[in-house]
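Here is a structure to explore by question and answer. Look it over before reading on.

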Amino acid sequence: MIFSLNLTHEITYKEEEINFSSIDDMAIGCETCFCYHFYFEDVFLKTDLIWSGTRKPLTKKEKEIIESGFPPLPRDDEHLFIPVGKYSLLQTIPVDDKSKLIRSILPFTSKKQEGKLYVRFVKENVLECVMQLFFPE
């Protein structure tokens with residue numbers, strides 16, 4: 001199911017070179033994000049990686065701030081971000097390679113010939129990791 005998301009605060013990440021095979025090894029509460037530029041070359045969907053980054057779990061103090069309705073505190077080492085804005089969001093099971101990612105995003109690219117895509121992985125617990133696809137509207 002696709003949701004409409006109005007992101008009111010940036011989600012920030014520390015720049016780090018990541019690959020899909022390391023997603024399962026993330027610690028609980030950690031996130032990984034890839035920012036891609038997608039476009040069509042002939043009839044083939046292509047993606048170019050713009051950046052990749054990670055985010056450590058929220059501290060107890062950060063959770064309290066967010067739960068109180070305030071924006072999260074900026075972290076000194078996190079300079080990459082998913083910007084504030086309106087997105088189409090799909091949450092699904094993670095893929096383990098780029099070719100499977102292409103198949104996952106293909107249905108959403110019919111509206112645009114090119115654009116940005118944010119692929120966010122969140123390790124929720126020992127057994128579960130989710131993948132979220134953010135398509136700017």
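**Cores, rings and pockets**

Q: Which residues touch the most other members of the largest nonpolar core?
A: This is a predicted model. Its largest nonpolar core has 22 residues. Those that touch the most other members are F34, L101, V119, F121 and L133.

Q: Which element gives the most to this core?
A: Elements that give two or more residues are β3 (31–41), α2 (98–105), β7 (114–123) and β8 (129–136). Four residues come from the top contributor. That element is β8.

Q: What does L133 touch, not counting residues up to four places away in sequence?
A: Contact means heavy atoms within 4.5 Å. Among the residues L133 touches are S88, L89 and L90.

Q: How many residues does the second, separate core have?
A: This core includes L7, I82, Y118 and F134. Its residue count is 12.

Q: Is F34 buried or exposed?
A: Buried means under 20% relative accessible area. F34 has 2% relative accessibility, so F34 counts as buried.

Q: How many aromatic pairs are there, and why does the pair of F34 and Y36 count as stacked?
A: The count comes to nine aromatic pairs. Planes under 30 degrees apart count as stacked. The ring centres of F34 and Y36 are 6.1 Å apart and their planes lie at 20 degrees, so this pair is stacked.

Q: What kind of aromatic pair do F34 and F121 form?
A: Their centres are 6.1 Å apart, with 90 degrees between the planes. Angles over 60 degrees count as edge-to-face. The pair of F34 and F121 is therefore edge-to-face.

Q: How many residues apart in sequence are the parts that F34 and F121 tie together?
A: F34 lies in strand β3, and F121 in strand β7. F121 counts as buried, at 0% relative accessibility. The pair ties together parts whose separation in sequence is 87 residues.

Q: Which residues form one aromatic cluster?
A: Y118 and F134 are among the members.

Q: What is the volume of the largest pocket?
A: Its lining has 22 residues, with E10, I11, R55, I66 and P72 nearest the centre. By class, 11 are nonpolar, four polar and seven charged. The volume is about 490 Å³.

Q: Which residues lie closest to the centre of the second largest pocket?
A: This pocket holds about 210 Å³ of space. It is lined by 13 residues. The closest to its centre are S88, F108, K111, F135 and P136.

Key. Residues are numbered from 1 along each chain as its sequence is written. This is a predicted model: local features need pLDDT of at least 70, side-chain atom pairs count only at pLDDT 80 or more; totals for chains, interfaces and linings use all residues. Side-chain values use heavy atoms; hydrogens and water are left out. A nonpolar core is a set of buried Ala, Val, Leu, Ile, Met, Phe, Trp, Tyr and Cys residues joined through side-chain atoms within 4.5 Å. Buried means under 20% relative accessible area, exposed over 50%, partly exposed in between (1.4 Å probe, protein chains only). Rings of Phe, Tyr and Trp (its six-membered ring) pair if their centres lie within 6.5 Å; planes under 30 degrees apart count as stacked, over 60 as edge-to-face and the rest as tilted. On a 1 Å grid over the protein atoms alone, a cavity is a set of points where a 1.4 Å probe fits but cannot get out, and a pocket is an open set with protein on both sides within 12 Å along at least five of seven lines; lining residues have an atom within 4 Å of a point. Grid points are joined across faces, edges and corners, and a volume is the space filled by probe spheres set on the points. Ala, Val, Leu, Ile, Met, Phe, Trp, Tyr, Cys and Pro count as nonpolar, Asp, Glu, Lys and Arg as charged, and the others, Gly among them, as polar.
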